[in-house]
Amino acid sequence: MKVMVGVSGGIAAYKAVELVRALQRHALDVRVTMTDAATQFIQPLTFSALTGHRVLRSLWHTPDSPDAPIDHIAEAQWADLLVVAPATADLLARFAHGLANDFLTTMYLATPAPVLVAPAMNSLMWQHPATQANVEILRQRGVRIVEPDAGQLACGMVGPGRMAEPEQIANVVLAALGRSHDLAGEVVLITAAGTREALDPVRFLGNRSSGKMGYALAEAAQSRGARVILVSGPSALQPPIHCELLRVTTAEEMRQAVLVRQPEATIVIKSAAVADYRPVTVAAQKMRRQGPLVLELQPTEDILAEVVQRRIPGQLIVGFAAETEDTVEQGRAKLLRKGADAIVVNDVGREDIGFDSDENAATFLTLSTAIDLPRMSKRKLGDRILDEIVALRRPQSLLVELSSAELESLREQAPAPRKPILIE
Ligand code: CTP
């Protein structure tokens with residue numbers, strides 16, 4: 001969905017940067033229009049770099065806006081929502097009285113989209129009858145007002161007038177767009193990134209997982225109203241704010257964290273790339289190079305299978321499968337072997353997507369369905385996976401009815417569990 005952020009000239013203009021980021025985190029396509037006064041507080045370049053779009057400012061032909069004359073109409077049609085943050089006293093007055101003397105005010109008159117304003121100004125200006133009358137006019141016309149907070153203002157006064165926090169404005173935007181809170185009340189336990197198994201004090205066995213997919217899922221689940229517990233292996237990523245992050249390193253630490261928190265969860269999503277093997281012994285001192293080396297490895301516990309065994313009633317369990325060939329067949333075999341409700345299969349053999357990429361494609365597999373989720377951003381894919389998980393909650397799409405004999409025969413076809421191996 002597409003959101004136009006209007007920025008007018010107040011000191012809170014710098015907070016519009018955070019608002020743009022917050023909206024982008026919710027997978028919204030964001031563009032920015034600024035008044036001339038706003039450019040005194042913050043450079044348009046900041047917003048064009050963040051959004052990848054030219055910042056819209058002028059109604060006239062200028063070197064930086066050659067196609068400006070029709071833009072306000074086109075942009076007014078483009079936006080699913082216009083949010084102005086901060087909205088100054090002057091901007092509110094111009095909106096209320098239908099002035100159209102710059103890009104933002106002209107677009108306001110031309111847009112059929114819902115409009116939201118987040119006022120920010122000195123307390124006396126906010127409380128002035130003229131401003132309050134303008135706010136009332138806008139309210140009457142259906143403009144939603146995100147009321148300013150009370151507190152210390154940039155001018156030194158204390159009182160109402162401080163712009164609402166960007167995260168709060170983003171939530172009002174999401175609600176206005178009808179973005180569902182379909183995971184409200186759910187507790188989603190997500191594992192992310194890869195685990196590391198120490199060989200000696202400086203070396204470990206690890207894998208290429210960056211955690212991007214798991215963190216994207218965490219962000220998507222949170223923005224749909226879930227409480228999120230994120231159990232993450234080492235990752236350079238910032239976790240979504242407000243989500244509970246448990247950092248772990250080894251497969252065993254991940255196992256402990258997951259099993260301890262599992263009883264709280266209504267949905268468990270295991271997107272982590274867990275080490276399959278750990279060294280039988282960890283050298284106390286750094287290993288020296290001395291000819292060929294034989295490492296003896298033992299299998300780690302299968303956390304997903306254990307989570308399935310300890311499933312609490314009504315808990316949905318979704319695994320991930322990283323495959324390099326026969327992805328759907330291998331994924332379905334894994335689904336059966338592990339007993340999860342669904343498995344998200346990634347083709348990690350593809351160079352263009354997957355590990356460390358911002359994009360991914362997958363197949364969402366249950367025993368009865370295989371839903372193709374074509375290449376898209378990991379954040380969007382996070383939402384699509386959650387759509388399918390929410391759909392599993394609906395009675396008509398619960399797992400296919402198989403007789404116990406059919407299930408047993410399918411299980412027999414699944415590949416055998418791993419055996420210890422030696423790496424030379
Ligand atoms: N998984 C797990 N514990 C492990 C290994 C994997 O919980 N010790 C989980 C992963 O988080 C993922 C799913 O199992 O949700 C499948 O992981 P994958 O590495 O694709 O499969 P493996 O079980 O390791 O099977 P194989 O290596 O044979 O493909």
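**Figure 1. The loop between strand E8 and strand E9.** Alanine 193 is located in the loop that runs between strand E8 (187–192) and strand E9 (197–198); strands (E, at least two residues) and helices (H or I, at least four) are DSSP runs, numbered from the N terminus. The phi angle of alanine 193 is near 70 degrees, a positive value in a residue other than glycine. Most residues other than glycine have a negative phi. The model shown in each view is predicted, with local features requiring pLDDT of at least 70 and side-chain atom pairs counted only at pLDDT 80 or more, while totals for chains, interfaces and linings use all residues. Residues are numbered from 1 along each chain as its sequence is written, and side-chain values use heavy atoms, with hydrogens and water left out.

**Figure 2. The cis peptide bond in the model.** Alanine 85 and proline 86 are joined by a cis peptide bond, with omega about 0 degrees. Proline 86 belongs to strand E3 (residues 81–87). Most peptide bonds are trans.

**Figure 3. Distances between the ligand and the protein.** A polar side-chain atom of lysine 338 is 2.5 Å from an oxygen atom of the ligand. An N or O atom in the side chain of aspartate 276 lies 2.7 Å from an oxygen atom of the ligand. For glutamate 301, a backbone N or O atom is 2.8 Å from a nitrogen atom of the ligand.

**Figure 4. The lining of the second largest pocket.** Helix H1 (15–25), helix H10 (212–223) and helix H14 (378–393) each supply at least two residues of the lining, with the largest share, four residues, coming from H10. The lining comprises eight nonpolar, three polar and nine charged residues. Because domain 1 (2–176) and domain 2 (187–423) both give residues to the lining, the pocket lies between them; the domain bounds come from an automatic or database domain assignment.

How values were computed: Polar contact = N/O pair within 3.5 Å; in protein donor to acceptor, adjacent residues only side chain to side chain. Nonpolar A, V, L, I, M, F, W, Y, C, P; charged D, E, K, R; others polar.
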